[in-house]
Number of protein chains: 2
Amino acid sequence: MGGQEASALRRANTRVVVEQLREGGATSRAGLARDTGLAKQTVSTIVAALLTDGVVRELGSVRAESGGGRPAVLVAYAADRAFVAALELGVGRTRLVIADALGEPVQTQEVPHEPHAARPAAKVLADVVARLAQVMEGIGGLVLLRAVGVSVTGLVQPTSGRCVLAPNLGWRDVPVADLLRRALARRGCDVPVVVRGAAQSSLIAEHREGAATGQRDVVLLFEDEGVGAAIIEAGRLLDGADGTAGELGHCAWPGADARCGCGRRGCVETLASGPAVRRAVERATGRRVRRRDGEPTYAALARRDDPEVAEAAAEAGRVLGTAASWLTAVTAPRMVVLSGSLVLAPVALRTALVQVLCDRSLADAPPLVVAGVLGDGAAVRGAVLLALDEARRVRRL
Amino acid sequence: MGGQEASALRRANTRVVVEQLREGGATSRAGLARDTGLAKQTVSTIVAALLTDGVVRELGSVRAESGGGRPAVLVAYAADRAFVAALELGVGRTRLVIADALGEPVQTQEVPHEPHAARPAAKVLADVVARLAQVMEGIGGLVLLRAVGVSVTGLVQPTSGRCVLAPNLGWRDVPVADLLRRALARRGCDVPVVVRGAAQSSLIAEHREGAATGQRDVVLLFEDEGVGAAIIEAGRLLDGADGTAGELGHCAWPGADARCGCGRRGCVETLASGPAVRRAVERATGRRVRRRDGEPTYAALARRDDPEVAEAAAEAGRVLGTAASWLTAVTAPRMVVLSGSLVLAPVALRTALVQVLCDRSLADAPPLVVAGVLGDGAAVRGAVLLALDEARRVRRL
DNA sequence: GCGAATTAGTCCATGACATGGACTAATTCG
DNA sequence: CGAATTAGTCCATGTCATGGACTAATTCGC
């Protein structure tokens with residue numbers, strides 16, 4: 001076909017083969033032909049090209065189990081040829097995960113949270129990159145890095161990669177993606193950096209590998225001293241125009257008037273976050289709620305079982321449930337995943353939340369409310385998946 | 001390439017050519033080659049195939065303006081080879097539009113609303129199909145019909161094509177798509193039928209050809225004695241799991257307790273719909289609000305300029321604005337389109353709505369609030385576009 | 001332990017397709 | 001009226017996928 005369009009078909013078929021190899025694991029050429037529907041010869045040609053490119057590798061030693069016939073030579077995706085990095089910039093800690101081209105984690109680091117506010121964000125992120133570079137040395141160097149995914153506990157604009165606001169990190173309008181990209185560039189590494197909020201990252205992980213696997217339409221409620229949400233509709237993460245979709249915490253609660261960290265009054269967050277419930281309990285009992293080191297407020301509350309706590313928690317649950325019912329009315333999901341410290345919250349809160357959510361459901365069946373199964377690892381895992389997707393999108397993987 | 005995959009490339013290229021011809025109008029083969037980037041010969045071959053299939057037609061008589069050189073033979077998409085139908089099942093009227101394969105309306109009918117409740121839905125829809133068949137006779141018969149799009153003033157499940165609830169039509173759980181498909185099948189016409197709510201249809205029309213053209217992320221607020229909304233995110237209409245996404249009218253308003261038509265209490269609709277405002281005004285003034293025949297309640301209210309009307313309208317605007325702010329917080333659109341009878345509502349209502357919406361905006365810039373430009377034709381037009389999309393999706397156009 | 005059966009993988013001839021350049025056709029312009 | 005110009009077709013070439021023939025390397029039954 002001697003032209004530009006010519007190789008389009010080859011590219012598409014190559015893609016199919018690589019995909020099959022990634023999803024289905026090591027396979028023989030004959031098996032690939034069966035699985036993809038392509039002709040044996042076509043597969044052979046494509047695999048040959050992939051072999052010289054180093055994208056796949058022949059597993060000479062390993063034998064597929066055989067029921068007679070010539071033994072198959074297994075071909076496997078070469079997962080250690082390229083890596084992605086994931087960063088979680090969270091409350092109280094920074095996590096770093098390196099995963100291979102199949103998404104399998106190969107390195108994990110967790111460093112306690114430095115007081116970001118005291119140091120310029122550029123410096124903080126440069127340090128993270130230094131650490132990343134160091135880890136990558138052990139497995140082939142930064143050259144093998146293909147993308148970086150970042151989960152930030154705060155409000156993020158995915159399009160620009162800026163963190164608009166992260167009270168818990170002491171950040172305001174920090175160009176996270178740009179700073180990371182620049183720090184990497186100084187080490188001769190030019191890779192895409194994708195940034196999302198913790199709710200979004202967590203939902204991506206729960207959706208692909210956690211509680212919401214296989215669901216087309218899911219929302220996730222997230223608590224980390226603030227209230228957030230993320231939405232997957234028709235299998236796609238909803239970003240919105242400026243990427244700040246899902247901002248449930250700052251929806252107006254009619255009648256409420258408490259000042260919010262965002263500068264306005266009467267936000268849902270002033271009634272239904274960990275700190276809000278703690279204040280209510282302290283007001284009611286006159287006693288301080290003690291938090292262990294780094295412990296989420298909701299967890300501290302759950303440890304006490306005063307009636308005052310139950311009452312305040314139930315009230316917060318009703319508010320959160322109502323706000324969540326706005327969310328589900330708008331997006332009509334079949335499942336609601338509770339994530340972040342919400343899974344640690346007092347039972348009274350979760351019961352009230354589910355109750356309201358079910359009462360306000362319009363659909364035939366109310367959405368299923370479940371707790372996330374990935375725990376506090378959801379956000380980093382989501383960042384890994386984000387990085388993988390991005391690397392594949394720009395054909396660097 | 002002698003195989004199945006072989007023609008994939010040809011199909012794709014054919015698609016490109018047809019698309020170009022639809023979007024760009026009549027063009028010469030040489031022009032198509034330039035526009036699509038394909039080789040001249042490739043275009044010639046494809047056009048030849050399309051000519052024998054009757055998909056395109058040579059415009060022998062018409063001359064493209066020339067600056068010298070051999071005159072071009074214009075090739076045009078044959079728009080009258082296939083048609084789609086659009087139905088609007090609205091309050092007080094039923095509309096029927098037949099459009100050609102380019103979406104150009106060729107026939108429009110409007111019949112006053114029969115009291116559906118009195119007759120079985122199957123009968124009502126069969127009558128509409130009879131009318132449709134009759135109109136189609138004049139332009140080649142039902143054989144040329146490729147798809148039907150329906151806009152229903154009520155709650156619709158797009159996946160099943162059922163109308164779950166339409167108080168204004170007196171319908172509850174009516175399988176609109178099935179009934180229409182069956183009625184058409186009885187006349188030997190087997191075509192896909194897609195059904196959406198009025199808000200969704202209107203948004204599709206405003207997004208493609210109206211006030212929201214070119215916007216990636218838009219929501220539409222809709223009033224027709226009830227309150228609804230529709231969402232386009234990243235250029236895609238949001239349906240949700242059961243297709244009922246955007247149900248703003250039945251979100252819970254904390255503190256409100258009035259009984260709603262949906263069977264629950266405290267819905268936004270009980271405070272911010274035309275009927276709700278009318279009741280408030282009548283309570284305040286002790287006088288009935290008069291409606292002209294078929295006139296939306298909001299329009300009737302707008303004709304009066306008592307302070308009581310202004311006050312009640314402003315209050316409704318604040319409620320609606322707050323509910324809309326939940327919607328925009330969740331979906332982060334750049335534009336909000338007001339549609340349905342909302343554009344007829346008293347100024348005080350719209351002012352209050354915009355005010356609240358801007359106050360509660362989290363983004364750098366609040367979303368742009370605009371009135372729909374397609375007026376009450378938006379819903380049918382959306383149904384036409386739905387039918388076109390469906391027909392193209394299933395390759396019947 | 002040996003041939004039949006079986007499965008993997010390659011070779012090869014064929015057919016579809018896209019393409020660039022040569023070539024013909026039908027104009028306009030000077 | 002011929003040169004320049006543009007449209008469209010013809011043709012040789014190269015890429016690609018494919019099915020069937022063919023070779024290779026096993027297991028299984030006897």
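In the predicted model, chain B holds an open sheet of three strands in the order β1-β3-β2, with antiparallel pairing. Strands here are DSSP runs of E with at least two residues, helices are runs of H or I with at least four residues, and both are numbered from the N terminus. Two strands are taken to pair if DSSP finds at least two bridges between them. The edges of this sheet are formed by β1 (27–28) and β2 (56–59) of chain B, each of which has a single partner strand, so one side of each is left without a neighbour in the sheet. Four bridges join β2(B) to strand β3 (residues 74–77) of chain B in the antiparallel sense. Within this pairing, B:Glu58 lies opposite B:Val75 of β3(B).

Residues are numbered from 1 along each chain as its sequence is written, while chains are lettered from A and ligands numbered from 1 in the order in which they are written. As the model is predicted, local features need pLDDT of at least 70 and side-chain atom pairs count only at pLDDT 80 or more, whereas totals for chains, interfaces and linings use all residues.

A further open sheet of chain B has five strands in the order β14-β13-β12-β15-β16, and its pairing is mixed. At its edges are β14 (236–237) and β16 (368–371) of chain B, each pairing on one side only. Strand β15 (residues 335–340) of chain B runs parallel to β16(B), and four bridges join the two. B:Leu338 has B:Ala371 in β16(B) opposite to it. In a regular strand the side chains alternate between the two faces of the sheet.

Strands β8, β9 and β10 of chain B are linked by two hairpins. Strand β8 (residues 155–157) of chain B pairs with β9(B) in the antiparallel sense over three bridges, and B:Leu155 has B:Leu165 in β9(B) as its bridge partner. Four residues lie between the strands of this hairpin, where B:Gly161 takes a positive phi near 70 degrees. β9(B) is also joined by three bridges to strand β10 (residues 171–174) of chain B, again antiparallel, with B:Trp171 in β10(B) as the bridge partner of B:Ala166. The hairpin of β9(B) and β10(B) likewise has four residues between the strands, and B:Gly170 takes a positive phi near 70 degrees.

Strand β9 (residues 162–166) of chain B is mostly covered, five of its five residues being buried. A residue is called buried if 20 or more other C-beta atoms lie within 10 Å of its own, exposed if 12 or fewer do, and partly exposed in between, with C-beta atoms placed from the backbone. B:Arg172, located in strand β10 of chain B, is partly exposed because 13 other C-beta atoms lie within 10 Å. Its C-alpha atom is 9.4 Å from that of B:Gly154, a residue 18 positions away in sequence.

In chain A, the secondary structure comes to 12 helices and 15 strands. Its C-alpha atoms fill a box of roughly 75 × 50 × 40 Å along the principal axes. Of the 397 residues in chain A, 50% are buried. Among contacts in chain A with a separation of 6 or more, 62% are between residues 24 or more positions apart; two residues are in contact if their C-beta atoms, placed from the backbone, lie within 7 Å.

Helix α2 (residues 29–36) and helix α3 (residues 40–53) of chain A pack at an angle of about 120 degrees, with their axes 9 Å apart. The axes are lines fitted to C-alpha atoms, for helices over the stretch in contact, and angles run from 0 to 180 degrees between N-to-C directions. On the α2(A) side the contact comprises A:Arg29, A:Ala30, A:Leu32, A:Ala33 and A:Thr36, which meet A:Lys40, A:Val43, A:Ser44 and A:Val47 in α3(A). These residues divide into five nonpolar, two polar and two charged. Ala, Val, Leu, Ile, Met, Phe, Trp, Tyr, Cys and Pro count as nonpolar, Asp, Glu, Lys and Arg as charged, and the others, Gly among them, as polar.

Between the chains, 41 residues of chain B are in contact with 41 residues of chain A. The elements giving two or more residues to this side of chain B are α1 (6–24) and α10 (307–331) of chain B, and α10(B) gives the most, with seven residues. The side of chain B that touches chain A consists of 21 nonpolar, 10 polar and 10 charged residues.

Chain B can be laid on chain A with an RMSD of 0.0 Å by a turn of 180 degrees and a shift of 0.0 Å along the axis, superposed by least squares on the C-alpha atoms of residues with pLDDT of at least 70 in both. The two copies are therefore related as by a two-fold rotation axis. The same surface serves both copies, as 100% of the contact residues of chain B recur in chain A.
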